[in-house]
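Here are my notes on this model, as numbered points. Please read them with the structure open.

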Amino acid sequence: IENYLAEVSQVRPGPADRSLKIAYTPLHGVGGRFVCDALRRAGFSAVEVAASQFEPDGNFPTVRFPNPEEPGAMDAVLEVAKEHAADLVLANDPDADRLSVAVPTPSGRWVQLTGNQVGILLADFTLAHAPKGPTPLVVSSIVSSPMLRDLAKHHGARVEQTLTGFKWIYNAALELEEKEFVAYVFGYEEALGYGIGHLVHDKDGISAAVAFAELAARCRTAGITVTERLHQLYKEHGLWVSHQHSVVRPGTAGREAIAAAMARLGEETPKELGGRAVTNVTDFRVGAEKRPRWLGAAPLVSLELAGGRALVRPSGTEPKLKIYVDLRSELGPEAAVGIEEKKALDAARKIANELVVAMGLGEG
């Protein structure tokens, strides 16, 4: 533990204003004292915790479900943030391998960033401060935002995609480092999982919390907010939005309906979705021998669209079909990001709904 915390405290690329106030919750999990210690060692002393959720408790008495993605799970820490006028909210899931982030708006509301937004911000941060030497390598799960490709190109970095699961991200990182002149610096999956370098060969919410606090401190030193930095990235590399849609079909009949829908998608691919041409289709159920082992056979179909893509896969643990739609828009220097983001998300929802109908699963 001591060696790990000493390494995490080195996630400090240079001088920054570390006086920002942080509100934090481990959601009744194991991360509490370790995150607070790691933040303190990194120079962040103004940390307020959600006391009712700080001690480990497997009954999770204050939340309906102990997942920071669930509505209401972060209510307690958001109240702490409001009470202490915090600048940043950080939350781990109970085993502290994932990180959720919320930031304030000028009006005083708190907005929880998506996993893709946190991933893109951390990717830009780590790439901007990557050491000289081998080409930096960033890796993401295939269902994460394609914006990482644009970001990596800007930084002169190598980018790779894998199947979902951090075991694949680090398998790809280790093998590519062995075979190519690259150095892995960051990996992420949109479900709030982030891996900073080789600190831990898995997603790690503790080092990610320190890295994001450092990112926020660097923004403050530059005189901007985290949200403003995200909007700068959108204007530099294009606005990417991500929409997830799930179709739940319980029971044996539901499993059969989902299997039939996947089979239909492989046989009758739509020519267009949401008015955008489908330009290419990759069925990951076949052709695994032509791909890297971290992109092996999987019940997944990818449809490349003009200005985006849609991915379809059945859940491995629940009776549902998952659809991921990612769309890109160009932003002018004076564009209102919020308005453009809403328009793009509406378009993504339309595509997901059309895909449900095309797969024979009824109305989207």
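What is the volume of the second largest pocket?

1. The second largest pocket has a volume of about 360 Å³. A pocket is an open set of points on a 1 Å grid over the protein atoms alone, with a 1.4 Å probe and protein on both sides within 12 Å along at least five of seven lines. Volume is the space filled by probe spheres set on the points, which are joined across faces, edges and corners.

2. This is a predicted model: local features need pLDDT of at least 70, side-chain atom pairs pLDDT 80 or more, while totals for chains, interfaces and linings use all residues. Numbering starts from 1 along each chain as its sequence is written, and side-chain values use heavy atoms, without hydrogens or water.

3. The lining of that pocket counts 17 residues (an atom within 4 Å of a point). Val11, Thr126, His129, Val185 and Ile196 lie nearest the centre. Strand E8 (182-189) and helix H4 (115-128) each give at least two lining residues. E8 has the largest share, 3 residues. (Helices, H or I, have at least four residues and strands, E, at least two, as DSSP runs numbered from the N terminus.)

4. An open, mixed sheet has 5 strands in the order E2-E1-E3-E4-E5. Pairing takes at least two DSSP bridges. E2 (47-49) and E5 (110-112) are the edge strands with a single partner each, so one side of each has no neighbour in the sheet.

5. E1 (residues 22-25) and E2 run parallel, joined by 3 bridges. Tyr24 is opposite Val49 in E2.
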